[in-house]
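Below are my notes on the model you sent, as numbered points.

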Amino acid sequence: MSQAQRFSDDTALVIVDVQNDFCPGGNLAVPGGDEIIETINALKKKFNTVVLTKDWHPAGHQSFASSHDGKAPLELINMPYGPQVLWPDHCVQDSEGAAFHTNLALAPTDLILHKGTNAAIDSYSGFFENDGKTRPQFDDGKTLTEALREKGIKNVVFVGLAYDFCVGWHALDAIKEGFNALVAKDATRSIAIPGADGGPDTDAVMTDQLAQAGAIVTETKALENILRPA
Ligand SMILES: [Zn+2]
């Protein structure tokens with residue numbers, strides 16, 4: 001891939017949670033989660049700045065249904081910071097399920113951000129934990145916002161798993177942090193939890209939230225036109 005085919009230096013790619021537990025066979029498998037990896041591998045060669053997030057929970061994390069007596073996965077509970085969907089145990093630190101899918105191509109320049117490491121607070125987004133205040137940090141102590149700003153990033157493209165939770169929350173937070181947020185939807189997959197009483201599922205709700213926030217939901221093949229206007 002020549003330099004000329006890359007996106008400009010003010011544009012970053014954030015690849016969300018392409019880990020075994022979110023792929024078929026994993027503990028919190030997103031349907032078709034592994035189908036996006038080839039697209040992501042091709043896309044990632046076009047960016048100078050690539051961040052990969054890893055959901056990285058201590059055992060007994062409070063987002064796990066198993067941490068709450070009588071609760072089942074996908075039930076909603078109230079945490080001190082607000083409502084929280086409960087999940088099956090997943091992405092426990094250093095487990096096979098928490099490893100990146102083996103088909104995901106990694107480069108030495110990739111920046112890796114672990115999130116969800118606080119046992120008491122879930123973290124869909126790498127910008128903010130689910131309390132909307134505390135922030136995950138890279139190993140060097142920088143936050144995602146700091147790392148992106150340091151590189152002069154203005155536009156951030158999000159791909160990965162799952163669209164209706166971690167990918168979407170990243171894009172919503174990116175806008176709060178002053179970035180332009182784009183989601184390449186063909187390089188994501190959704191959990192798509194049905195809405196109560198036949199209401200819209202979590203995929204449709206997220207699409208609505210992203211539109212209201214001003215995020216661009218598009219396809220990988222359209223990125224070039226959006227990011228490099230003639
Ligand atoms: Zn998690």
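1. Overall dimensions. For a chain of 230 residues, a compact globule would have a radius of gyration near 17 Å, and the protein chain has 17 Å, so the two agree. Please keep in mind that this is a predicted model. Along the principal axes, the C-alpha atoms occupy a box of roughly 55 × 40 × 35 Å.

2. Buried residues make up 42% of the 230 in the protein chain. Among contacts with a separation of 6 or more, 70% join residues 24 or more positions apart.

3. Secondary structure. The protein chain has five helices and eight strands. Their order along the sequence is β-α-β-β-β-β-α-β-α-β-α-β-α.

4. Nonpolar core. The largest nonpolar core holds 54 residues, and the members that touch the most others are Val156, Phe158 and Val159. At least two residues of this core come from each of strand 1 (11-16), helix 1 (37-44), strand 2 (49-55), helix 2 (144-150), strand 6 (155-161), helix 3 (163-176), strand 7 (180-189) and helix 4 (202-213). Helix 3 gives the most, with eight residues.

5. Surroundings of Val159. Which residues is Val159 in contact with, leaving aside its neighbours within four places in sequence? They are Ile15, Val16, Ile36, Ile40, Leu43, Ala184, Ala187 and Thr188.

6. Geometry of helix 4. This helix has twelve residues, and the distance from its first C-alpha to its last is 16 Å, close to the 16 Å expected at 1.5 Å a residue. Just after helix 4, Gly214 adopts a positive phi of about 95°.

7. Buried side of helix 4. Asp203, Met206 and Leu210 are the buried residues of helix 4. Viewed down the axis of helix 4, its buried residues fall within an arc of 65°, so they line one face of the helix. The general rule is that an α-helix has 3.6 residues a turn, so residues three or four places apart point the same way. The cover over the buried residues of helix 4 includes helix 3, strand 7 and strand 8 (216-218).

8. Opposite side of helix 4. Which exposed residues sit on the face of helix 4 turned away from its buried side? That face carries Asp208, Ala211 and Gln212.

Notes:
Residues are numbered from 1 along each chain as its sequence is written. This is a predicted model: local features need pLDDT of at least 70, side-chain atom pairs count only at pLDDT 80 or more; totals for chains, interfaces and linings use all residues. Helices (H or I, at least four residues) and strands (E, at least two) are DSSP runs, numbered from the N terminus. The radius of gyration is taken over C-alpha atoms; the globule rule is 2.2 Å times the number of residues to the power 0.38. A residue is buried if 20 or more other C-beta atoms lie within 10 Å of its own, exposed if 12 or fewer, and partly exposed in between; C-beta atoms are placed from the backbone. Two residues are in contact if their C-beta atoms, placed from the backbone, lie within 7 Å. A nonpolar core is a set of buried Ala, Val, Leu, Ile, Met, Phe, Trp, Tyr and Cys residues joined through C-beta atoms within 7 Å. The expected span of a helix is 1.5 Å times one less than its number of residues. The arc is that of the directions from the helix axis to the C-beta atoms.
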